[in-house]
Amino acid sequence: MWVSPEEVLLAGALWMTERANPYFILQKRKGHGGAGGGLAGLLVGTLDVVLDSSARMAPYRILYQTPDSLSYWIIAHGTSRKEITEHWEWLEHNMLQTLSIFENENDITTFVKGKVQGIIAEYNKNHDVKEDDDTDKFKEASSRFRKLFGMPEEEKLVNYYSCSYWKGKVPRQGWLYLSINHLCFYSYLLGKEVKLVVRWADITQLEKSATLLLPDGIKVSTRSHEHVFSVFLNINETFKLAEQLANIAMRQLLDNKGFEEDRSLPKLKKKSPKKVSALKRDLDARAKSERYRALFRLPKDEKLDGHTGCTLWTPFNKMHILGQMFVSTNYICFTSKEEMQCSLIIPLREVTIVEKADSSNVLPSPVSISTKNRMTFLFANLKDRDFLVQRISDFLQQTPSKSCLERELTGSLNSSDDEVYSQHGSLLSTSPQHSLSSEGERSFNLNDSSVPTATQALMTMYRRRSPEEFNPKLAKEFLKEQAWKNHFTEYGQGVCMYRTDKTKELVLKGIPEAMRGELWLLFSGAINEMATNPGYYEDLVERSMGKYNLATEEIERDLHRSLPEHPAFQNEIGIAALRRVLTAYAFRNPNIGYCQAMNIVTSVLLLYAKEEEAFWLLVALCERMLPDYYNTRVVGALVDQGVFEELAREYVPQLYDCMQDLGVISTISLSWFLTLFLSVMPFESAVVVVDCFFYDGIKVIFQLALSVLHANIHQLLGCKDDGEAMTVLGRYLDNVTNKDSTLPPIQHLHSLLTDNGEPHPEVDIFKLVRSSYEKFGSIRADVIEQMRFKQRLRVIQTIEDTTKRNVVRSVVTETAFSMDELEELYVLFKAEHLTSCYWGGSSNPTERHDPSLPYLEQYRIDVEQFKGLFNLLFPWANGAHSDPLAARFFRLLDQNGDAFINFREFINGLGVLCHGDLTEKLKLLYKTHVLPEMTSEQEEPDSAFEATQYFFEDITPETSIVKKLNNPDYRHYLKLWNQESKSKTEHTKDLPKLNQSQFIELCKTLYSMFSEDVAEQELYHATATVTSLLLEMGEVGKLFCRAGRDRERTQPTEARQTDAFVPGAADEGKGGDVREPSPPMQDIKLEDSSPKDNGASSSAMLISDDEAKDDTSVSSYSVLSAGSHDLDDKLQCEDIADDTVLVRSEGQDERGGGGGVDKDWAITFEQFLASVLTEQALVSYFEKPVDVTARITNAKNVHKVGRPLLSTSDYDISLSG
């Protein structure tokens, strides 16, 4: 490739000159290619790998020089001699003559540089290469990566690092390449080469390893190997990137969401040094955005634009707090440097004014931001204030103005300026109608609109409190409300509130009943999604009402099991609201749909929040706060179960071994985590846990679970079995009380107490929560995320292993393959699916992989993927005819006609070829050719149905039966054969007949199968003999067929008598007179599968009986020679045996049908089978045993051109030299 001219100091060092002229020199790198180069070559090759010269320096280059100067300029380099020779010849033909005209050397240099720059610019323009794409060095590294490991263009390299790979006790210094789908390593030291390729999807463990010998290392584990890398320049960066790429792979295994490059990244400034690839910048930006969203509970599509250090003026304590400002598309956020001191979220939809204030020594570079609820925030010490204000201004212009929100705001701001909290005002500035007033002031609307939704929290309807009632509990509740109101006065209210450690203190003391729903909405971040999606829930309810699927059936079953002890769900109002929320969410997120435990959580949300609010709280819970908890395999809960085990080992080590022996942790964690303790604690106590969860996230659940274990440590150590341990924990949780609750006591139906022992002492929920913060509050959210990654690898790979075992068990009884062989074949089948997900295929990956389907259906492959496996595993794959035969096989195996095959269908086909007897193999071969077939002259249709239409488009509808079949489809054949497979005795007589064009394709297939076989010539002779015999049978059958039609014309009501000796004599045009009581459809299929030419009724390509007797070795290509449309294109001379005679039919032009297909010519399976049995060479070939293990091993290690098929977990490390 041409490169921007760059000066070279020493032209001869480490390079050998191969060609030269007065202006240009073509050089080859020493030590590259061949065995030459000697010791110097070995040393250069080693240095290139160790010092990364191999990435920077291609093995060939062209230098420009002026005759009287010692300065050289590199203008092109190439990875192959062919590439560099093209550039050299272009220079000789186009540049040498022109350069001789110049007199001044400086002019020559300027001209050459300009010309090369022009070539590069033209190439970039024609190939749409972006200017700010990767650096030349990185492009060269990417090219080398693809060349070394056989990767296609679609496999994008993210970054590469220098490191040592430990093979045994010997370190190999080289380069670790991290791409989107693979981890690769390459080393070349003194003639010894090491290559390693590991797919991210096969990694079971990825961790930093620290030993005395290797203080900084990374250990990568797969199911079968462990690989250790060390001596990194920046191990933290390498490990974080590896983690991120492994996470992407796990996500793809989990829900088939592959990696898509973000094209909307901000461009680098011209001054910025481009040190990393665009893809690496993309991944870094994703990681930062994920942390940003998690920190401030923002919607999952929010992207961080940038962050900067600053100070924030906090009016509540009159201080400038040091921290970081974050700016994204829709939000400005702040968090203090000191944890929990202060955080702030300002949605841009709330912002009215952003202005630069006057700078001073006390307040340098300040920016003032005002919001609609009359709050002003003052940021200072901003480094690039002008740029920041411009970015915020740009985002403000993009923020859609929501008139409905503005109308709501005007209603909420009618109060006086100094009144921060009014009785009828809103706690949330964006939703002022969400009142905290008494239930009498709220309406409950169910029937006055087309989409009935509950417009108030269900709890307000069932709060049994008389106006004059007053007791200490109510007094305490009133004081809590006043404390929160005072907090709002001091710290602001709504989404723009200052959040400090005092906010946390109030949450730990308990949120008042009347404020609970709206504060949940605020702390969870659900308020933002609701505010930016007005009307979304109502539309969803309207679209989902009356629709039925598996999710709605499960929802209906569980509706009356959701808090049945609460009066709100003992009538249709509460049940209907719960149904609407769950159904709407199932339609919003079909990947989750509905999962048990969602009903319990949602019912509690409905008690304290309006119906739409409850829906958005559920969205926040399922999609952000408890990721993957409620999918079909509760992966998130299993991941957190593993995290909990790790935390238990660290924080309660004396109890950990006991709990593991009893197997209790796995039991308790699922029930505790999935329902946030709602199913195991009294209701009034569990809602306090939910308060803390919405404020502080999942760490609250872990802390509380550890506290419960710690409080019962002595009793648990004395337990003999898991039942006793569960009883201890159940009694403890049943007695967790909330003495401040103003709710009437609700009978707790989830008690695990089964014995009649002494009553357990009561435990105050607030003391338990506070104790959990004191003892285990050091658990950090980022540490939990790190643990989650480690456990996610383990859980998803365990699920994949379980899937493999279940699939293998379901098919092992149906095939002769062993369990081990089936497992290896499943891995190859899945690898082919994943490879197509990585690098594209002819269909959408989400159509092939649906984790919600039964195990057997989860991975499916299309025809292009099947062709790859066919060539590697199927014994009949040989020669140029493999792909058409694979396509035929695929259509035969695809029993439901959906253009995909699952593992069972794949194994059924492979099993016949590897373990079937002669008759089964021949029957399968016969069936694949009775199907309508696509020819090379026609473009491949979009579906099998279109393919079928093509083959039958010239049928002349001479009979009434054919007229009825307007849309012939090969699925008719598949259904017939499917029914055959289910019956115990399969009748070969029932197979459709083979027409002339199908017979031609069968012959072509037979010839291609024998290519490269040891008995190739003998098999060709045998095939020629069998072909001649079958041609004679077809000719005789044709005569009977015509005779039968003649009789029918004279005696239409007389039943035909068929000669049993000639099975092909039956008339295919009628459906009611078959040899035995087989269905009429049989003959319809035969007629259907015999294409006719327009008006022609005789054969155009037949061999006479006499000719066949004269030369019994006539090839099947004799038939092709007269009947195929473009014979010369189809026939390859090298495929024809030496003694093949090409024969032309005597009566070819009898009826003007020179290129047509004889509609009367046909043979049956019995004739085909009997003919093959006459030739021992063919019998031996089809009875030859197949070494399945060898084929599997070969398939695991083979590299297909452009699409390498990777092995179970990694390639064997190859050492050469």
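Glu623 is a buried residue, with a relative accessible area of 14%. Its place is in helix H19, which runs over residues 611–625. Keep in mind as you look around that this is a predicted model.

What does Glu623 touch, once residues up to four places away in sequence are set aside? The list is Lys300, Tyr585, Arg588 and Asn589. With two of these, the side chain of Glu623 makes polar contacts: the side chain of Lys300 sits 3.1 Å away, and for the side chain of Tyr585 the value is 2.9 Å.

Now zoom out to H19 itself. This helix has 15 residues and reaches 20 Å from its first C-alpha to its last, close to the 21 Å you'd expect at 1.5 Å a residue. How many of the residues of H19 are buried? The count is 15 of 15, and the helix is mostly covered.

If you follow the chain past H19, you come to the loop between H19 and helix H20 (635–651), where you'll find Asp628. Asp628 is buried because its relative accessible area is 14%, and the cut-off for that label is under 20%. Its backbone is worth a look too: phi is near 65°, a positive value in a residue other than glycine.

**Another positive phi**

Arg374 also has a positive phi, of about 65°, although it is not a glycine. You'll find Arg374 in the loop between strand E18 (367–371) and strand E19 (376–380). Is Arg374 buried or exposed? At 52% relative accessibility, Arg374 counts as exposed, since the label applies over 50%.

Next, find helix H13 (residues 516–524) and helix H18 (residues 598–608). They pack at an angle of about 115°, and their axes are 7 Å apart. On the H13 side, the contact is made by Arg516, Gly517 and Trp520, while H18 brings Val604, Leu605 and Tyr608. Sorted by class, this contact has 4 nonpolar, 1 polar and 1 charged residues.

Why is H32 described as largely enclosed by the rest of the structure? Because 10 of its 12 residues are buried. Among them are Leu885, Phe889, Phe890, Leu892 and Leu893, and the buried set also includes Arg888 and Arg891.

Gln27 is buried, with a relative accessible area of 2%. Its side chain has a polar contact of 2.8 Å with the side chain of Arg61, and another of 3.5 Å with the side chain of Thr17.

| Side chain | Partner side chain | Distance |
|---|---|---|
| Glu623 | Lys300 | 3.1 Å |
| Glu623 | Tyr585 | 2.9 Å |
| Gln27 | Thr17 | 3.5 Å |
| Gln27 | Arg61 | 2.8 Å |

**Two methionines**

Met1033 is in helix H39 (residues 1016–1050). Met1033 is partly exposed, with a relative accessible area of 25%. Leaving aside neighbours within four places in sequence, Met1033 is in contact with Gln1167 and Ser1171. Its C-alpha is also 9.5 Å from that of Thr1164, a residue 131 places away along the chain.

Met545 sits in the loop between helix H15 (536–544) and helix H16 (550–558). Met545 is partly exposed as well, with a relative accessible area of 43%.

**The whole chain**

Finally, step back and take in everything. The protein chain has 46 helices and 23 strands. Of its 1217 residues, 56% are buried. The chain exposes about 54400 Å², and carbon and sulfur atoms supply 51% of that. Which share of contacts joins residues at least 24 apart, among those between residues at least 6 apart in sequence? That share is 68%.

Technical notes: Residues numbered from 1 in each chain as written. Predicted model: local features only at pLDDT ≥ 70, side-chain atom pairs only at ≥ 80, totals over all residues. Heavy atoms only, no water. Axes fitted to C-alpha atoms, helices over the stretch in contact; angles between N-to-C directions. Helix = DSSP H or I, 4+ residues; strand = E, 2+ residues; numbered from the N terminus. Contact = heavy atoms within 4.5 Å. Nonpolar A, V, L, I, M, F, W, Y, C, P; charged D, E, K, R; others polar. Buried < 20%, exposed > 50% of the residue type's maximum accessible area, 1.4 Å probe, protein only. Areas by Shrake-Rupley, 256 points an atom, 1.4 Å probe, with all protein chains shown as cover. Polar contact = N/O pair within 3.5 Å; in protein donor to acceptor, adjacent residues only side chain to side chain. Expected span 1.5 Å × (residues − 1).
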